[in-house]
Amino acid sequence: MRKDPFVTLDAERDRELHAWLGDYIARPHAELGRDGPVCPFVEPSLRADSLIAVGHRWEGPPHLPRMVRMIEDATRMFRSIDWKVRNPQLHALVVLVTDLPEDGWWLIDEGHRATKDRAVAEGLMLGQFHPDCRAPAARNPLFPVNRAPWPMIAIRNMAFHDILFLHDHPGWFANYRARYSRYYDGGARIDPRFASLYASAVRAADEHAVPVLSGRADRSR
């Protein structure tokens with residue numbers, strides 16, 4: 001029988017993680033390219049006690065299929081949590097990968113890349129973090145916003161502002177459009193940047209008739 005891939009963080013590491021989330025992710029940054037905190041969801045999630053952090057101890061050499069399996073396990077865990085707060089925009093799961101050596105940090109990026117299609121198809125967003133992460137801020141491509149003291153994967157539900165991250169991938173955008181087109185088509189007041197990205201993505205998608213991604217076939221794995 002396969003053991004549980006996730007463990008409770010020890011008290012010291014949990015305090016360090018929450019301090020970093022509060023001091024960096026939940027605050028503005030001069031290089032972000034916009035006002036507001038690095039992630040607008042973290043502070044409300046922390047305040048609502050709706051951010052869950054767990055650990056995954058890495059053992060052995062770098063192995064991408066294992067990282068992919070761990071991320072898939074984490075998305076299933078996210079779906080199975082009995083959240084105390086019912087607002088899905090406050091739900092967040094952070095998996096801190098302990099004992100992953102520096103020469104294995106690339107697994108976080110490649111595991112994220114390999115699992116994002118499936119996550120988006122299920123209405124989830126994944127974030128990858130590690131000390132040398134080069135993922136840029138949406139509004140400042142020169143700012144590596146996802147640098148963190150430890151290798152981590154974060155999971156949350158898709159949100160309206162995720163047009164910033166999903167507009168330039170046809171399959172991802174098709175899933176975003178299926179969820180949020182009513183706001184754009186219904187005359188709601190929308191951030192002009194969001195509206196512009198959405199309109200451009202719609203034109204591209206309609207030209208190529210891109211279908212919505214499906215995660216069904218993969219859920220049995």
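Arg66 touches His56, Arg57, Trp58 and Glu59, residues up to four places away in sequence not being counted; contact here means heavy atoms within 4.5 Å. The model is predicted, with local features requiring pLDDT of at least 70 and side-chain atom pairs counted only at pLDDT 80 or more, while totals for chains, interfaces and linings use all residues. Residues are numbered from 1 along each chain as its sequence is written, and side-chain values use heavy atoms, with hydrogens and water left out.

Arg66 is found in helix 3 (residues 64-80). Helices (H or I, at least four residues) and strands (E, at least two) are DSSP runs, numbered from the N terminus. Arg66 is buried but has no salt bridge, the nearest side chain of opposite charge being Glu59, 5.2 Å away. Buried means under 20% relative accessible area, exposed over 50%, and partly exposed in between (1.4 Å probe, protein chains only). A salt bridge requires a side-chain nitrogen of Lys or Arg within 4 Å of a carboxyl oxygen of Asp or Glu. For charge, Lys and Arg count as positive and Asp and Glu as negative; His and the chain ends are not counted.

Ser50 lies in the loop between helix 2 (42-47) and strand 2 (51-57). Ser50 counts as buried because its relative accessibility is 2%. Beyond neighbours within four places in sequence, Ser50 is in contact with Ser45, Trp83, Val85, Leu90, His91 and Ala92.

Helix 7 (residues 192-208) has 17 residues and reaches 25 Å from its first C-alpha to its last, close to the expected 24 Å, which is 1.5 Å times one less than the number of residues. Its buried residues are Phe194, Leu197, Tyr198, Ala201, Val202 and Ala205. They lie on the same side of helix 7 because they cover an arc of only 135 degrees around the axis, taken from the directions from the helix axis to the C-beta atoms. Helix 5 (163-166) and helix 6 (170-185) are included in what covers these buried residues. The face turned away from the buried side carries the exposed residues Pro192, Arg203 and Glu207.

The salt bridges number 13. One of them joins the side chains of Arg139 and Asp191 (3.9 Å, N to O). This pair links distant parts of the chain, 52 residues apart. Asp162 forms a salt bridge with Arg156, the closest N and O atoms being 2.7 Å apart. Asp162 is buried at 0% relative accessibility, and Arg156 is buried at 17%.
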